[in-house]
Amino acid sequence: MDDEHAVTMGLALEEAAAALAHGDVPVGAVVLGGGEVVARRHNERERSGDPTAHAEVLALRDAARATGSWRLEGTTMVVTLEPCPMCAGALVAARVAAVVFGAADPRAGACGSLYNLCADPRLNHAVRVTPGVRAEECALLLTRFFAARRDR
């Protein structure tokens, strides 16, 4: 495993844990550009009442503001859970170079598990995918969250 990705996944895990404070599914995302953190966010759907407030979308919005461009060429998204179709589509639309994720999502993952929008040749851009970075930690955070919700 690439040490830089493992370290950055630690930042994404911190973001995911922050989502717990307002009852959101613990997913965190970090955008890297030029070896630096450009943006970092966590899910805020419950907090904002916005169905598009996934960690990835929020981080892409912040990264676009920080760089002054919606074209995020050369950037890498590091996220604790495999992006869904909406988020994978946003990665493609933003021209992100690579996505690194922790836990796979066999029910809604769109970076190789259920779909693979990042490598669909019919789209105008491809995103390199690196799965499974600190996957056990990422999955455990989600498993504990959903187990606690079932126990209520």
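Contact here means heavy atoms within 4.5 Å. The model is predicted, with local features needing pLDDT of at least 70 and side-chain atom pairs counting only at pLDDT 80 or more, while totals for chains, interfaces and linings use all residues. Residues are numbered from 1 along each chain as its sequence is written, and side-chain values use heavy atoms, leaving out hydrogens and water.

**View 1. Thr 8 in helix H1.** Welcome to the first close-up. Thr 8 is buried, at 6% relative accessible area (buried is under 20%, with a 1.4 Å probe and protein chains only). Beyond its neighbours within four places in sequence, Thr 8 is in contact with Val 30, Leu 32 and Val 78.

View 2. Among the buried residues of H1 are His 5, Met 9, Leu 13 and Ala 16. The buried residues of H1 pack against strands S1 (28-33), S2 (36-42), S3 (76-81) and S4 (98-103), and against helix H5 (135-150).

**View 3. The largest nonpolar core, with 38 residues.** Such a core is a set of buried Ala, Val, Leu, Ile, Met, Phe, Trp, Tyr and Cys residues joined through side-chain atoms within 4.5 Å. Met 9, Met 77 and Val 99 have the most contacts inside this core. H1, S1, helix H3 (55-67), S3, helix H4 (85-93), S4 and H5 each supply at least two of its residues.

**View 4. Around Met 77.** Not counting residues up to four places away in sequence, Met 77 touches several residues, including Ala 29, Glu 56, Leu 91 and Val 100.

Notes: Buried means under 20% relative accessible area, exposed over 50%, partly exposed in between (1.4 Å probe, protein chains only). Helices (H or I, at least four residues) and strands (E, at least two) are DSSP runs, numbered from the N terminus.
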